[in-house]
Amino acid sequence: MSKSRSPTRWATDISSMLNSVFGGEHFPIQVATIARDYSHQIFPNDPITLIKGDTLPSFDGALFRAPACAKGWGIIYNNVITSKGRINFTLAHEFGHYLIHRLAHPEGMRCGQQDVVRWESTYRQLEHEANTFAAYLLMPFDDYRRQIDSRSAVDLDAIAHCADRYEVSLIAAILRWLEYTERRAVLVVSRDGFILWARSSKAALSTGA
């Protein structure tokens, strides 16, 4: 993997560029447009040239190298995905793979059918880094804190506002809030009465929750 920049550095550099051009009101991030424009700007000989939905059996998204007769890369998301938030995060996730991992994986990468808003330690390091990039790009902390102060109590309406602002899923918005809130809070995801996974804020974790 290329270690010239960390996932957070890539994302914050792009956020700084967007802030300088558009100010603070450039949300939700138009990932497809930014991925094309930014890749052409910094890697003109190896840019992203295609972003589209297509049939991807067993995959949520993929980063493909262009055929030998063309140059650059393509980002594909599974066109059976209907959630705008999930599509947006998938695009950002694959954009992260392009920036961070394409040199080490010249044939591209395929991301399986999984909830890409989860970035727990059980996931492979590559997926963790791509998810980290996507979260920092789509939901930068400075803007999120302006929406919800770190000490504020929140309800689902407040989180839903942020999910709409950043065009991400509700779970992705909650996970991002848990990273910086000073409140004791725990997200629990369950199905049929069984807990699938959970995530605690730092304050909750420090007290054993």
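How do α1 and α4 lie to each other, roughly parallel or roughly perpendicular? Before we get to that, a word on what you're looking at: this is a predicted model, where local features need pLDDT of at least 70, side-chain atom pairs count only at pLDDT 80 or more, and totals for chains, interfaces and linings use all residues. Residues are numbered from 1 along each chain as its sequence is written, and side-chain values use heavy atoms, with hydrogens and water left out.

Now for the helices. Helix α1 covers residues 7–22, and helix α4 covers residues 125–138. Helices (H or I, at least four residues) and strands (E, at least two) are DSSP runs, numbered from the N terminus. The axes of α1 and α4 are 8 Å apart, at an angle of about 25°; axes here are lines fitted to C-alpha atoms, for helices over the stretch in contact, with angles running from 0 to 180 degrees between N-to-C directions. Angles under 35 degrees count as roughly parallel, over 145 as roughly antiparallel, 65 to 115 as roughly perpendicular and the rest as oblique. So α1 and α4 are roughly parallel to each other.

Their crossing is right-handed, that is, the near helix is turned clockwise from the far one by less than a right angle. On the α1 side, the contact (heavy atoms within 4.5 Å) takes in Pro7, Thr8, Trp10, Ala11, Thr12, Ile14 and Ser15, while α4 brings Glu129, Thr132, Phe133, Tyr136 and Leu137. By class, that's seven nonpolar, four polar and one charged; Ala, Val, Leu, Ile, Met, Phe, Trp, Tyr, Cys and Pro count as nonpolar, Asp, Glu, Lys and Arg as charged, and the others, Gly among them, as polar.

Next, look at α2 (residues 31–42) and α3 (residues 84–101), whose axes come within 10 Å and cross at roughly 15°. That makes this pair roughly parallel too. The crossing of α2 with α3 is right-handed. Val31, Ile34, Ala35, Tyr38, Ser39 and Ile42 of α2 meet Asn88, Leu91, Ala92, Phe95, Tyr98 and Leu99 of α3.

Helix α5 (141–147) supplies the largest share, three residues.

Most residues other than glycine have a negative phi, and most peptide bonds are trans. Yet a cis peptide bond, with omega about 0°, joins Phe27 and Pro28, and Pro28 is in the loop between α1 and α2. Ser58 isn't a glycine but has a positive phi of about 75°; look for Ser58 in the loop between β1 (48–54) and β2 (59–65).
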